[in-house]
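Reader: I'd like to learn how to read a few features in a model like this one. Could you walk me through some?

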Amino acid sequence: MAYKINNLQEYQTEYAASVENPEAFWAKQADRFQWKKKWDSVLDWNFSEPDVKWFSGGQLNISENCLDRHLKDKGDKVAFFWEPNEPSETGRAITYKQLHTEVCRFSNVLKSLGAKKGERICIYMPMIPEVVVAVLACARIGAIHSVVFAGFSASSLTDRINDAKADLVITSDGSFRGNKTIAIKDIVDDALENSPGVKNVIVYKRTGQPVKMKSSRDLWWNELVEKASAEHKAEAVESEDPLFILYTSGSTGKPKGVVHTTAGYMVYSEYSFSNVFQCEKNSIYWSTADIGWITGHTYIVYGPLLAGVTSVLFEGIPTHPTPSRFWEVVDKYKVTHFYTAPTAIRSLMACGLEHVTPYKLESLKVLGSVGEPINEEAWHWYDDYVGKNNCPIVDTWWQTETGGILISPLAGITKTKPSYATLPLPGIQPVIVDSEGQELEGNDVEGNLCIKFPWPSILRTTYGDHERCRQTYFSTYKNLYFTGDGCRRDEDGYYRILGRVDDVINVSGHRMGTAEVENAINEDEAVIESAVVGYPHDIKGQGIYAFVICEDFDQDHDKIRQSILATVTRIIGPIAKPDKVQIVRGLPKTRSGKIMRRILRKIAEGDVFNLGDISTLLDPGVVEEIKKGALVTL
Ligand code: WTA
């Protein structure tokens, strides 16, 4: 098993060592892996360009570390129990050895289609074992994977394919999600209308629904794999060669491609996984995330496989066929470690206790939470009814850009506190700054959360636009990585994440840029201008509230709303659909034409009596009108 911290004192010693001599600390962690060539230097960095390099000069392959490294003593251990969408369909158990064979075969398939080291391959697939095979095969041949969440629309997929300049797409005919069957391949076909660079599409047969196969472009996964050899020697890649691109939303413009590189990401994903979750030899770990998000990358694929753990991979959704599904699956596989998002907990809470109490849940040892702040009520429900007050809850704070968990309790070691992410992992040096960038030292302080020293899995760049990376994360405060989150450090030195301080909203744990949603709404024919803000939502954490100016205010508002929802679904995907659309005649703007979102946020929250100073507005009258039409119960 990987090196693990065993108690609080060890945590403190290890933390101190990691700050005193980070290079020695991480070199020791990196030593546990298989290197084709050892590194020359552990760390070179500056946050001004930024330029961060870990384990320079080293060569390795992460897929080899996930698979080949375990074959001798864990070859017959199950890597994944796959649980299909329908409980009546038989699942699959895939051992490390079998996964290795599948990955080798598929690596040969990719090679035979001309895929090479450094090329980008886009993966748009449901939660089936083959998505893991596809990801690891890309890594094995040194190609850069760009997984796109299969709930995104054709137009979002086009943007991501084109930005990454991918020439190969891996997908499936369709996917099962709850009681829906989604025509994934049709979406890819639509996307490729505007992505002329794509030469081949590999299609895995999952649902068996009819699809149009474009000859010379589209190929069946199943046929290619049958002919492929099961022998494949993993390609040696440089430590700093990119491993993947993952698109994420920011406060401006289109989503950006966060780039993670190989060695640092490998070391940190395993280290953080092992220490936060504290899995043991016979643990059964289950993360309910989707592969399309960073949690799926780090804590479904890489972390657990690097640590040699057995995981559950789930195709479905928490409420299908009933809201007991999670608990049914926990009992079925005797899951010991369960990792989900607060939004899932809140929606199951709302379905009633009768869906939880019939289940034993006695195998559970550790519960995890990720993606958004967990409110105290949800924390206690999770603790009482799922963990039966017997399982530590690790509230894990991190981001797509951080690659792995940065602030979190270590299960069973750190004393937990509802809605606190508690303490930084070894190697992580958080600082809280005020709006001027002054570090707020000591405890009982609140401000913006930054990190002052690099950790191995920090993002290296944003694909094709390094300046955007510098601007977004490294220019707000000199020599600090700025997270975009507000944070409080309490009197015990515990960290509590307060949510985003920028124009990013977190809807059901999914990051959404307000500008991105506005741009999508503005594509609607009837719309002239829009402004989007987040507001507190009981289940989703935050909901999307859109204020929209239309060509003709007197048109049927419901009809316009329907049309806007359809437009947003078409441009981004159903996850970005506004919860509320208020048609307005004007938006509160300053004399220089800037929308005052602060006011709109207050109105969306229902806090209309507290709007603050509105005298700088070009036309304060619009505020009264918006207040009157607000879609909130006051
Ligand atoms: C939020 C998800 C509070 C935060 C891994 C962050 C959290 C954004 C937590 C990143 C948590 C994530 N408590 N807030 N435990 N975890 N967040 O990139 O605002 O999808 O900046 O990564 O989610 O979202 P992302």
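Predicted model: local features only at pLDDT ≥ 70, side-chain atom pairs only at ≥ 80, totals over all residues.

Reader: Cysteines, then. How many disulfides does the structure hold?

Author: The general idea: a disulfide is a covalent bond between the sulfur atoms of two cysteines. In this structure there are zero disulfides. Take C104, which is in no disulfide: the nearest cysteine sulfur belongs to C66 and sits 13 Å away.

Reader: Is C104 buried or exposed?

Author: Buried means under 20% relative accessible area. C104 has 0%, so it counts as buried. C122 is buried too, with 1%.

Reader: On to the surface. Which residues gather in a patch of negative charge?

Author: That patch brings together E525, E551, D552 and D554.

Reader: Where does D554 lie, and is it buried or exposed?

Author: D554 is in the loop that links β29 (541-550) and α17 (557-571). Exposed means over 50% relative accessible area. D554 comes in at 64%, so it's exposed.

Reader: Last one: where is S311?

Author: S311 is in strand β17, residues 310-314. S311 is buried, at 3% relative accessible area. If you want a distance, S311 and I544 are 233 residues apart in sequence and 34 Å apart in space, going C-alpha to C-alpha.

Conventions: Residues numbered from 1 in each chain as written. Heavy atoms only, no water. Patch = residues over 30% accessible without salt bridge, like charges linked within 9 Å, V, L, I, M, F, W, Y side chains within 5 Å. Areas by Shrake-Rupley, 256 points an atom, 1.4 Å probe, with all protein chains shown as cover. Salt bridge = Lys/Arg side-chain N within 4 Å of Asp/Glu carboxyl O. Lys, Arg positive; Asp, Glu negative; His and termini not counted. Charge placed at Lys NZ, Arg CZ, Asp CG, Glu CD. Helix = DSSP H or I, 4+ residues; strand = E, 2+ residues; numbered from the N terminus. Buried < 20%, exposed > 50% of the residue type's maximum accessible area, 1.4 Å probe, protein only. Disulfide = S-S within 2.5 Å.
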